[in-house]
Amino acid sequence: LPVLDVLVSRERTLRDEVDSLRQALSDRRDIERAKDWLSESRKCSPQAAFEALRQKAMERGESLGQVARALLAKAGESSVG
C-alpha cells in the first residue's frame, strides 16, 4: 500500500509538471505571436516590441502570456472591424 501511495504521488507530480510545461509552451507561442504583430504594427524591432510587452505586463501585474493573449484578442477584433 505505501508503494501505491508513492506511485500516485509521483503521477500527480508528473501531471503537474506536464501541465506547467504545456502552459509555458502556450505562453511562449502567444508571446512570440504578439511580439511579431506588435513589431509589424509599430514598425519597430522585435526587441522593442518585446520590451513594450514586458513593460505592459509589469504595469498591469500580469504575466507576459496574459498580456500577449489580451493583445492578440484585441488585434483580432480590430482586424475584423
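## Glutamate 11 and arginine 15

At 52% relative accessibility, arginine 15 counts as exposed. Here buried means under 20% relative accessible area, exposed over 50%, and partly exposed in between (1.4 Å probe, protein chains only). Glutamate 11 is partly exposed, at 39%. The two side chains meet in a salt bridge, 2.4 Å from N to O. A salt bridge is a side-chain nitrogen of Lys or Arg within 4 Å of a carboxyl oxygen of Asp or Glu. Glutamate 11 and arginine 15 are four residues apart in helix 1, so about one helical turn separates them. Helices are DSSP runs (H or I, at least four residues), numbered from the N terminus.

This is a predicted model: local features need pLDDT of at least 70, side-chain atom pairs count only at pLDDT 80 or more, and totals for chains, interfaces and linings use all residues. Residues are numbered from 1 along each chain as its sequence is written, and side-chain values use heavy atoms, with hydrogens and water left out.

The whole structure holds 10 salt bridges. One of them joins arginine 69 to aspartate 30, with the closest N and O atoms 3.0 Å apart. Arginine 69 lies in helix 3 (residues 64–80) and aspartate 30 in helix 1, so this pair ties together parts 39 residues apart in sequence. Aspartate 30 is buried at 3%, and arginine 69 is partly exposed at 31%.

Aspartate 27 sits in helix 1 (residues 2–42). Its relative accessible area is 16%, so aspartate 27 is buried. Leaving aside neighbours within four places in sequence, aspartate 27 is in contact with Gly65 and Arg69. Contact means heavy atoms within 4.5 Å.

## Helix 1 against helix 2

Helix 1 and helix 2 (residues 46–60) pack at about 115°, their axes 8 Å apart. Axes are lines fitted to C-alpha atoms, for helices over the stretch in contact, and angles run from 0 to 180 degrees between N-to-C directions. The two helices are therefore roughly perpendicular, a label for angles of 65 to 115 degrees.

Which residues of helix 1 meet helix 2? They are Ile31, Ala34, Lys35, Leu38, Ser39 and Arg42. Their partners in helix 2 are Pro46, Ala49, Phe50, Ala52 and Leu53. By class, this contact has eight nonpolar, one polar and two charged residues. Ala, Val, Leu, Ile, Met, Phe, Trp, Tyr, Cys and Pro count as nonpolar, Asp, Glu, Lys and Arg as charged, and the others, Gly among them, as polar.

Methods. Parallel < 35°, antiparallel > 145°, perpendicular 65-115°, else oblique.
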